[in-house]
Structures are given as C-alpha cells and as structure tokens.
Amino acid sequence: MINVSILGYGTIGSGVFQIIRENGQIIAERTGEEITVKSILDLRDFPGDIAEDIIVHDFAEIDSDDSVQIVVETMGGLHPAYEFVKASLEKGRSVCTSNKALVAAFGPELLKIAEDKKCNFLFEASVGGGIPVIRPLRSSLAPDVIEQISGILNGTTNYILTEMTEKGSDFDTVLKDAQAKGYAEKDPTADIEGHDACRKIAILTSLAYGHQLDFEDIYTEGITNITDRDINYAKKLGAKIKIFGSSKKEGEKVSAMVAPKLITVSHPLYSVDGVFNAILIKGNMAGDVMFYGQGAGKLATASAVVSDIMEASKHQGINIKTIWDNQKLGLVPFEESISKFFVRLKGTKADNEAKVSEVFGNVTPVDAGYSDEYAFITEAITEAKYTGASEKLGNVINKIRIDV
Ligand code: HSE
C-alpha cells in the first residue's frame, strides 16, 4: 500500500481525493499497489466532508509521519509550497504537483534533490491540465531534437477569443461573461496578460532542451489590446486570433514568446476553440505531434496529478531521469525574432500608403471596410525592424504577429 498526503484541499486537491476514491480499484490494478490518502493539509476545516477526519492543519504532522511515501502539492503559490515540497523530497518522498509557478521557478533545484534522494518530482498537471504533455515530451519524444513548440496554453483567453470571434462581442463584455460563468478568475490578470501561458511555455521549453528558461526572460503580450475590429480583420483574412506560447530552436539557441497570433485554417491548432488547450510539438524525427484536451478543470487536472502518483508508486526508490538543469538556456534576443505583422494605422489609405511603403517596404493591404484606418501585412521582418518602422509612423492602432 502507498500512503499519500495531499497539501491543499482546494479544487485540484479535492479532485485528486475524489479520483483515488472513485477509481481506486483500477488505479490499484494498474499500479500494482493500493493507493490511500493518509492525510490532507489545509488551514480550513471541512465539517461533514468525506475527508473531514484526515484533514490536518500543520505540515509538521505530515513531515513527521514516516508512513507517508508520496506528497501531492496542490496548494498553488510559491510559498510555503516550495518549502514543503523541498522538505518532502529531502526525506526521499516523491512529490506530484500541479503548481506551474513552483515548477517554472524551482524546477531544476527540485529535480536535482529528487535525483539525489532517489525519488521523483513530477508535474504533469502543471502544463495543459488534463492533457498528457510533460510525460510524452520527457519520454515518448526523448529520441528527438525538439524543433518547435506552439501551444494554446490558456483556456480562459482561448474562451474569450473564441467568444469574441463567434459572437462579435468586445473584450470587456466577453471577459465579464467569462467571469460570471467561472471561466475567468475575479482577478484575470495572469490569464489575460499571458503570464500563465508564459510559465507553461517556460516549463515545456526547459524540458525540451534540458536547461532553464526563466519565464521573466520571455517576451509576453496578452490579449487585452485585441478588439472586435481585429477579429473582423481576421475573419476577412480567413484567420483566427489565438494567443500562443511558442518556442523554436534556432541553431544553438532558442527563441520564445507569448503573444496573440493570426492563424489560418491550414494551421493544426485553428479549430482549438473555447476553453480547450492544444500543444503542437515538432520533433526532428517524429515530425508534428499534437496534444489536445482540457487545460484546466477539477477532474481533468486532478487526473494528471493521479497519473503522477501512479508513476511515482511504480518507481519507489528509483529516480526517473529528467534532464533540466540550472544552466540558462541560450535565448535568441527578442529583437531578432522574425514574424510577419498585421498592422492597423489611424487615417486613410491615402494618408498612409506612401509612408508605409517607405518604412516597411512591400506590404499587402487588408480591407475590412473601415474608412478611418489603414491595415496591411508586412513581409517577414525582425521585431527590431517592426519597432523602428512603427515608431517612425507613430499612428499604429494595433499589430498582431503571423508566424513564418
Ligand atoms: N487559468 C488557467 C487557464 C488554468 O485558463 O488555462 C490552468 O492553468
């Protein structure tokens, strides 16, 4: 029998408890061990809850319980999650977490402790919720050099952009509706500003190349500037606007960014709508591999955590080698990244045409029927060239990148 302690009885932690209870038999058959939740750490009491009797309020009770073999961290936040996870690993207990902030910030250090102590630090649920992507990246795609990762990594923003596209509503209206339906947090900043997707692409990219990509170093642009006019232009182009976390191998370095992009129907992620997430990974041998599913939600995310518990149970005393060290991953300077840019300017075509061709060279105009602005798509240019040219123009309303 394997004894598990869960740190945090919120949405994911209670989902883990529920799955272990409801699917206990098949989990035991497939693991070869019965898995029991011994204790749950939470500051709150849960009178009448099925877990009422195993709730504890002090981490020391779990830390000093020698029967605990696996610790599940579903508290979120950096502290005290980091201290509790580190203490557990140092005792040789495997830790399974859904906490992307913790993994993005401390992944290499915690993996190293797990290696030294012959246990495991597993985090399938930290990216893509219920979508299996960490284990496939670490294991199934291990023979490949990863050339590119592109992900719709955030359900809230994908839902908002989908609703704006399908209903023609503006950003603020859709955000309020998403909050009312529980698809967006009361404070939606981490989602709509791209911070959540940024941590997820940092984790995937670090794992793909084995070195640390600090999320602070990734250019991150959210969706708050996207308007109904942008959506209409996209429709005119037969395209959709999606926010991507992406990274690409460029020689010995990697480029990475989080930003809204225009994609057309031929893009494999074009039809990923609503709260769904999808990740496209290009291996140099396997080619394109795509992962699709629920990137959030209680049971989907908890299912990924339980899969880690099962993996840890099958590897008691054995560290599953995961290469992700503290050395910084070489990042291509953002100014050198190349995209095409869809650009909207204030003023008419006549006002802008000559100056645009002077600063951008060849462009392709896009007409969505707005007489008070001029829109076009540039050729493939660097971020530096885009910034210089747009500063010379001085009347940019918005720009959206197109991958090349
Ligand atoms: N807020 C996140 C999302 C939850 O919308 O995808 C999972 O990280």
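The following questions and answers walk through a predicted model of a protein.

Residues are numbered from 1 along each chain as its sequence is written, and side-chain values use heavy atoms, with hydrogens and water left out. Because the model is predicted, local features need a pLDDT of at least 70 and side-chain atom pairs count only at pLDDT 80 or more, while totals for chains, interfaces and linings use all residues.

Reader: How many helices and strands are there in the protein?
Author: Helices (H or I, at least four residues) and strands (E, at least two) are DSSP runs, numbered from the N terminus. Counted in this way, the protein has 14 helices and 19 strands.

Reader: Why can the protein be called as compact as a globular protein of its length?
Author: The radius of gyration is taken over C-alpha atoms, and the globule rule is 2.2 Å times the number of residues to the power 0.38. For 404 residues the rule gives 22 Å, and the protein is close to that, so it is as compact as a globular protein of that length, with a radius of gyration of 23 Å.

Reader: What percentage of the 404 residues count as buried?
Author: A residue is buried when its relative accessible area is under 20%, exposed when it is over 50%, and partly exposed in between (1.4 Å probe, protein chains only). Of the 404 residues of the protein, the share that counts as buried is 54%.

Reader: Among contacts between residues at least 6 apart in sequence, what percentage join residues at least 24 apart?
Author: A contact means heavy atoms within 4.5 Å. Taking the contacts in the protein between residues at least 6 apart in sequence, the part that joins residues at least 24 apart is 73%.

Reader: Is L7 buried or exposed, and which residues is it in contact with?
Author: L7 lies in strand β1, which covers residues 2-7, and with a relative accessible area of 0% it is buried. Leaving aside neighbours within four places in sequence, L7 is in contact with L41, F59, I62, V71, V72, E73, T74, M75 and F84.

Reader: Where is G76, and which residues is it in contact with?
Author: G76 is placed in the loop between β4 (70-73) and α4 (81-90), where a relative accessible area of 35% makes this residue partly exposed. Its C-alpha is 36 Å from that of V404, a residue 328 places away in sequence. Once neighbours within four places in sequence are left aside, the contacts of G76 are A81 and N99.

Reader: Which residues is N99 in contact with?
Author: N99 lies in the loop between β5 (94-97) and α5, and a relative accessible area of 5% makes N99 buried. The C-alpha atoms of N99 and M75 are separated by 7.5 Å, although these residues are 24 apart along the chain. Leaving aside neighbours within four places in sequence, N99 is in contact with E73, G76, G77, A81 and S126.

Reader: Which peptide bond is cis, with omega near 15°?
Author: Most peptide bonds are trans. P80 has its place in the loop between β4 and α4, and the cis bond, with omega near 15°, is the one from H79 to P80.

Reader: What is the phi of K118?
Author: Most residues other than glycine have a negative phi. K118 is found in the loop between α5 (100-116) and β6 (121-122), and at 52% relative accessibility K118 counts as exposed. Although K118 is not a glycine, its phi is positive, at about 55°.

Reader: Which residues does H267 touch?
Author: H267 is found in the loop between β11 (253-264) and β12 (276-283), and at 18% relative accessibility H267 counts as buried. The C-alpha atoms of H267 and A239, which are 28 residues apart along the chain, are separated by 9.6 Å. Not counting residues up to four places away in sequence, H267 touches F244 and L280.
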